[in-house]
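My notes are below the display.

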Amino acid sequence: MTVQADPRLVAELEIYGAQDVLKCYHCGNCTAVCPFSKAPFIFPRKSMRYLQMGLREKLKSNLEPWLCYYCGECSEQCPREAEPGETMMSMRRWLTAQYDFTGISNLLYRSWKMELLGIIVLAILTGLGFYMFGTATGDIHKYDGPGAFLPSAVIHAFDWTMATILSTFLLINCGRMWWFTMGRDPEHRATPAMYARRAGLLLLHFFTQKRYSECDRKGPWRLHIVLMLSYVSMLVLIMFFLPMMQAGPAVNWWAHAFGYAATAGLLITVAMALWGRVQKSATHYKHSHETDWIFLIMLFYVALTGILQHACHRLGSPYAANILYLAHLMGVVPMLVLEVPFSKWAHMCYRPLAMYFSHVQVDAMAAKESAAAETLPA
Amino acid sequence: MSKARIGVYFCTRGNGPNPSLDYKALATYAAALPLVVEVKHLGTSPTLDPVALAKELTAKQVTTVVIAAPSPGYFKTAFTRAMALAGGDPEAIRLASFREHGGGFESPTERAKAVLACAVMDVPFGLAAVPAPSPVHPDTLVVGGGIAGIQAALEIADAGKKVYLVERTPTIGGHMAMFDKTFPTLDCAACILTPKMVAVDQHENIELMTWSEVEEVTGRPGAFKVKIRKKARYVDLDACVACNDCSAICPVSTDSEFDSSISQRKAIYIPFPQAIPNAFVVDAQHCTYLQSGGTKCGACVKKCSKDAIHFEDKDEIVEVEVGNIILATGYEVFDATRMERYGYGKLPNVITALEFERLTNASGPTGGTIVMKSKQFNKRTKQEEWVFDPDGPRPKSVAIIHCVGSRDRNYNPYCSRVCCMYSLKFAHLVKEKLQDAKCYEFYIDMRAYGKGYEEFFERIKDEGIHVVRGVSARVKEVDGQLYLRGEDILEDKVVELPVDMVLLAVGLEPDKSACDISKMLGVPRDDGGWFHESDYNTDPTGTDRGGIFVAGVCQGPKDIPDTVAQASAAAASVLKTILRKQGSESNSDLTLATIENRARQLAKN
Ligand SMILES: Cc1cc2nc3c(=O)[nH]c(=O)nc-3n(C[C@H](O)[C@H](O)[C@H](O)COP(=O)(O)OP(=O)(O)OC[C@H]3O[C@@H](n4cnc5c(N)ncnc54)[C@H](O)[C@@H]3O)c2cc1C
Ligand code: SF4
Ligand code: SF4
């Protein structure tokens with residue numbers, strides 16, 4: 001296999017937030033302090049090396065950035081202030097852009113102005129569309145029942161259409177991730193049996209973020225899991241129980257209790273993360289890429305407008321509720337369209353996948369080794 | 001030939017001491033200098049684009065460039081290319097180096113102006129900024145009695161000139177006196193040092209003042225008036241025969257500084273048997289008699305058959321006049337407790353390099369046997385404590401961690417230069433004394449830069465030492481066993497290595513007195529706190545203060561051979577002024593007007 005070195009790789013990664021990569025003098029301190037660095041996945045130093053040497057393809061097939069949770073110990077102890085933790089973070093952004101086949105991700109990460117523009121255009125389109133539809137078929141003073149401004153059945157159908165399209169994009173990107181990191185590697189061929197045996201890990205890591213919890217500092221994991229579970233609960237509620245949430249006058253308080261808890265979870269954790277970034281209170285908050293801000297602010301906005309429109313509805317002012325609902329949709333649609341397949345939210349899939357693939361890779365390596373041992377003459 | 005059109009370009013990025021310069025004032029000043037047609041600030045970027053520069057040069061028809069920066073050399077390549085692209089003379093580039101000629105001055109902007117003026121007039125700064133000559137008193141003061149101070153004092157004294165050697169501790173010898181062997185020759189340190197120490201003691205031209213400190217320096221280059229405080233020693237140097245009777249009876253014990261606190265000494269003590277002067281001293285802080293105002297103890301006075309102990313002694317101020325001063329204040333080692341991850345101070349068998357020097361020294365507390373610390377009951381304090389017992393267990397494995405506190409932006413960014421080599425020396429000593437023990441070196445880069453050093457490294461590797469590329473990240477203790485975690489880069493794995501003993505290769509820092517001395521004498525210090533030499537390449541022993549020289553580690557980390565060489569060089573500089581009966585005023589006292597005038601005269605010729 002020929003190896004190509006690309007001297008511009010560091011400069012490219014810098015657009016994704018990498019800093020000071022060239023300062024690294026390979027002492028190995030970061031790898032040794034990293035609680036996740038276990039054979040055969042030894043990082044972050046080696047990734048710093050790939051970067052410095054411009055090994056683009058090697059970096060592209062690298063699962064390690066996804067195995068890092070940015071606890072920040074490496075950056076704190078780096079004698080060269082080479083910020084290995086932030087480099088891993090920027091590699092995740094870069095990888096997200098590499099996996100994405102449309103090139104949109106690349107565009108969003110490279111220029112926050114582009115991302116903002118995308119959000120604004122999508123928001124206006126969504127707002128206009130729903131407003132015209134609502135006034136044509138219903139009454140802006142009516143929230144539910146016949147003649148409602150935004151009938152839940154319509155929104156529900158819209159949600160499902162959008163989910164299908166976005167999932168397709170995301171799935172294709174996941175497929176590409178598989179190809180870069182597993183499929184095209186002629187060295188370790190993983191058998192379907194190996195994939196099947198480890199499949200359980202995918203769900204385990206998705207729901208518990210077990211690996212993150214193994215970090216010495218538990219705080220960030222707690223925040224992350226609450227945020228992520230709140231988000232997933234909200235998603236499930238919307239995808240399956242939306243009519244129930246919007247219906248009246250009889251109220252299903254079960255679904256509501258979930259909704260309230262999830263909203264509270266989102267608002268609190270996102271506010272904490274935002275505050276942390278403003279204060280730079282922890283190493284993983286020290287450097288913020290523009291996309292980090294946009295992501296958090298969008299999420300906060302969506303959660304806030306969501307709960308406000310609901311409150312107005314329940315408190316009996318359908319006009320205010322409808323306006324806020326419109327505002328909410330104007331946030332949700334751009335956020336999901338841009339973030340899920342192309343940006344930050346994609347890591348919901350990539351991380352558990354990487355965890356899963358890494359185990360399969362270990363199995364494949366072991367199989368190869370034992371095969372080699374067998375062919376050796378006794 | 002048409003007249004030159006000079007462009008002055010400021011670039012603010014550079015390393016080294018970067019005095020806070022008033023760039024606006026500098027730009028105005030530069031614009032008024034003859035032939036200057038363009039003055040521009042190019043910002044703080046570390047790299048410049050030659051193509052863009054070439055355009056600028058063409059647009060302003062600049063034929064000669066002056067790069068003005070703390071370290072202008074960085075940018076020269078870019079300008080050379082730009083000049084070539086612009087079709088000009090790539091040789092017509094001059095440097096105005098603020099760092100080299102102005103670091104640490106009281107008014108750095110005025111000095112920078114002078115540097116600029118010289119560059120624009122194409123006069124070497126060193127020729128224009130010549131301090132006025134001054135008459136010189138033939139006596140010399142040497143501050144610090146380590147190998148640097150000893151060497152300098154002996155050179156001058158041997159040439160027949162008088163030297164006052166002032167040493168803060170009770171003995172001369174400095175750090176070298178603590179070592180068993182020296183790299184790379186593995187010579188016996190004491191065998192080299194002791195004769196020199198004795199020579200100092202006996203030299204008719206050297207007035208040795210140990211247990212003393214310089215309090216005040218007034219006067220001017222060539223004629224300094226120095227006040228020296230001779231601390232009360234409470235022991236008569238001439239009467240004391242170092243018989244040890246007093247020490248044997250003294251009831252007070254405390255950590256021995258000379259043994260890096262791995263052993264105890266008494267309140268009346270001699271640092272080590274070969275100390276110079278070879279006499280005891282009373283540590284007033286710990287002496288019961290002195291602390292109680294003379295009401296308690298006093299056992300030693302009664303015991304001393306020579307009547308050498310005088311508790312009525314008082315500090316004494318001595319005033320001397322000297323023409324030159326050599327600073328040789330050396331270093332202290334990095335405080336390893338600052339790096340908590342290595343557990344120094346908490347884990348008994350994690351020790352520093354200086355502690356190991358004493359442990360492995362044949363005249364040290366264990367007689368040179370390398371042992372682990374063991375727990376013992378102290379009858380006096382009624383507490384268990386960790387001590388080096390000569391009969392204690394021997395370590396079966398020893399790990400040495402390099403660069404502790406050095407090359408680390410969280411502590412000291414510079415390389416301490418000697419620790420790689422002394423670590424190799426340690427590995428050799430471990431192998432020599434404990435053949436079956438495993439020894440590991442965890443290093444980042446092996447800096448074996450001196451004569452015979454690379455060969456020494458090869459030799460040590462052949463002795464069966466495991467040299468691991470990768471600095472260790474932490475040391476922890478599990479069930480009484482030390483574990484060291486690090487990345488073995490060449491083997492591509494993370495190791496969790498059980499070892500019995502960990503040696504920390506601590507780096508060097510300036511002696512704690514350097515800051516005060518710098519203020520007292522007006523000698524600038526650089527970023528690491530080391531005394532700033534007047535020119536790194538051509539005058540590494542001079543300073544910008546007339547009549548003040550530097551020698552040894554106080555100017556920057558170095559090994560013994562380099563220390564000795566620099567000390568001899570400093571002595572030669574001093575002797576030159578004495579023999580010519582003419583020294584020089586402080587370079588830093590030169591005014592802008594003086595330098596300008598001289599530059600103008602030189603430019604004419
Ligand atoms: C663990 C270790 C092992 C080493 N091994 C080797 C080796 O094997 N080979 C080698 O070449 N180098 C070795 N080195 C380096 C070596 O120690 C130095 O190069 C050398 O000691 C420098 O001598 P110095 O006189 O400049 O400083 P020092 O030895 O530090 O002497 C300075 C003296 O000045 C005195 N002093 C300080 N301030 C004042 C003041 N204000 N007034 C009066 N007196 C003052 C101090 O008390 C001290 O006596 C080693 C260093 C370390 C840390
Ligand atoms: S700790 Fe810093 S310098 Fe050392 S290998 Fe890691 S990134 Fe490089
Ligand atoms: S000499 Fe070696 S151990 Fe010491 S700081 Fe330099 S590289 Fe590190």
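These entries follow the order in which I looked things up. I am working from a predicted model.

**Cysteines**

I began with disulfides. How many does a search of the whole structure find? It finds 1 over all chains. The partners are B:Cys188 and B:Cys191, with sulfur atoms 2.2 Å apart. I then took the torsion about the S-S bond of B:Cys188 and B:Cys191. It is about 90 degrees, so I noted the disulfide as right-handed. Next came the cover of the two residues. B:Cys188 is partly exposed at 28% relative accessible area. B:Cys191 is exposed, at 53%.

The cut-off for a disulfide is 2.5 Å. B:Cys287 is buried, with 7% relative accessibility. For B:Cys439, the closest cysteine sulfur belongs to B:Cys420, 14 Å away, and that is too far for a bond as well. B:Cys439 is buried, at 0% relative accessibility.

**Salt bridges**

I ran the salt-bridge count next. I went through some of the pairs.

A:Glu12 and A:Arg56 form a salt bridge, with the closest N and O atoms 2.6 Å apart. This pair links distant parts of the chain: A:Glu12 sits in helix α1 (residues 9-15) of chain A, A:Arg56 in helix α4 (residues 56-60) of chain A, and 44 residues separate them. Are the two partners buried or exposed? A:Glu12 is buried, at 14% relative accessibility. A:Arg56 is partly exposed, at 22%.

A:Lys23 and A:Asp20 meet in a salt bridge at 3.3 Å, N to O. A:Lys23 is partly exposed, with a relative accessible area of 24%. A:Asp20 is partly exposed too, at 28% relative accessibility.

In chain B I picked B:Asp283 and B:Arg265, whose side chains meet in a salt bridge at 2.9 Å, N to O. B:Asp283 lies in the loop between β16 (281-282) and α10 (288-291) of chain B, and B:Arg265 in strand β14 (residues 264-266) of chain B, so the pair ties together parts 18 residues apart in sequence. B:Asp283 counts as buried at 9% relative accessibility. B:Arg265 counts as buried at 10%.

I also found a network. Salt bridges that share partners join A:Glu86, A:Arg93, A:Arg277, A:Asp292 and A:Lys344.

**Two sheets in chain B**

I turned to strand pairing. One open sheet has 3 strands in the order β11-β12-β17 (chain B), paired antiparallel. β11 (212-220) and β17 (316-322) of chain B are the edges, each with a single partner strand, so one side of each has no neighbour in the sheet. Neighbouring strands of this sheet are turned by 20 degrees against each other on average, direction ignored. β12 (residues 223-230) of chain B joins β17(B) through 7 bridges, running antiparallel. Within β17(B), B:Val318 stands opposite B:Ile228.

Another open sheet of 3 strands has the order β26-β27-β28 (chain B), again with antiparallel pairing. Its edge strands are β26 (472-478) and β28 (493-499) of chain B, each pairing on one side only. Here neighbouring strands are turned by 25 degrees on average, direction ignored. β26(B) and β27(B) pair over 6 bridges, with B:Glu477 partnered by B:Leu482 in β27(B). B:Leu482 also has a bridge partner in β28(B), B:Val499. β27 (residues 481-488) of chain B and β28(B) pair over 7 bridges.

What lies between β26(B) and β27(B)? The two form a hairpin with 2 residues between them, and B:Asp479 in the turn has a positive phi of about 50 degrees.

I looked for nonpolar surface. A:Trp112, A:Leu116, A:Ile120, A:Ile124, A:Leu128, A:Tyr131 and A:Met132 form a patch with about 680 Å² of accessible area together. A:Met132 belongs to helix α9 (residues 112-137) of chain A and is exposed, at 53% relative accessible area.

Finally, A:Arg45. This residue is in helix α3 (residues 45-53) of chain A and is buried, at 5% relative accessibility. A:Arg45 and A:Pro146 are 101 residues apart in sequence and 62 Å apart in space, C-alpha to C-alpha.

Notes
Residues are numbered from 1 along each chain as its sequence is written. Chains are lettered from A and ligands numbered from 1 in the order in which they are written. This is a predicted model: local features need pLDDT of at least 70, side-chain atom pairs count only at pLDDT 80 or more; totals for chains, interfaces and linings use all residues. Side-chain values use heavy atoms; hydrogens and water are left out. Two strands pair if DSSP finds at least two bridges between them. Helices (H or I, at least four residues) and strands (E, at least two) are DSSP runs, numbered from the N terminus. Axes are lines fitted to C-alpha atoms, for helices over the stretch in contact, and angles run from 0 to 180 degrees between N-to-C directions. Buried means under 20% relative accessible area, exposed over 50%, partly exposed in between (1.4 Å probe, protein chains only). Patches are made of residues with over 30% relative accessible area and no salt bridge: like charges are joined within 9 Å, nonpolar side chains (Val, Leu, Ile, Met, Phe, Trp, Tyr) within 5 Å. Accessible areas come from the Shrake-Rupley method with a 1.4 Å probe; for residues, only the protein chains shown count as cover. A salt bridge is a side-chain nitrogen of Lys or Arg within 4 Å of a carboxyl oxygen of Asp or Glu.
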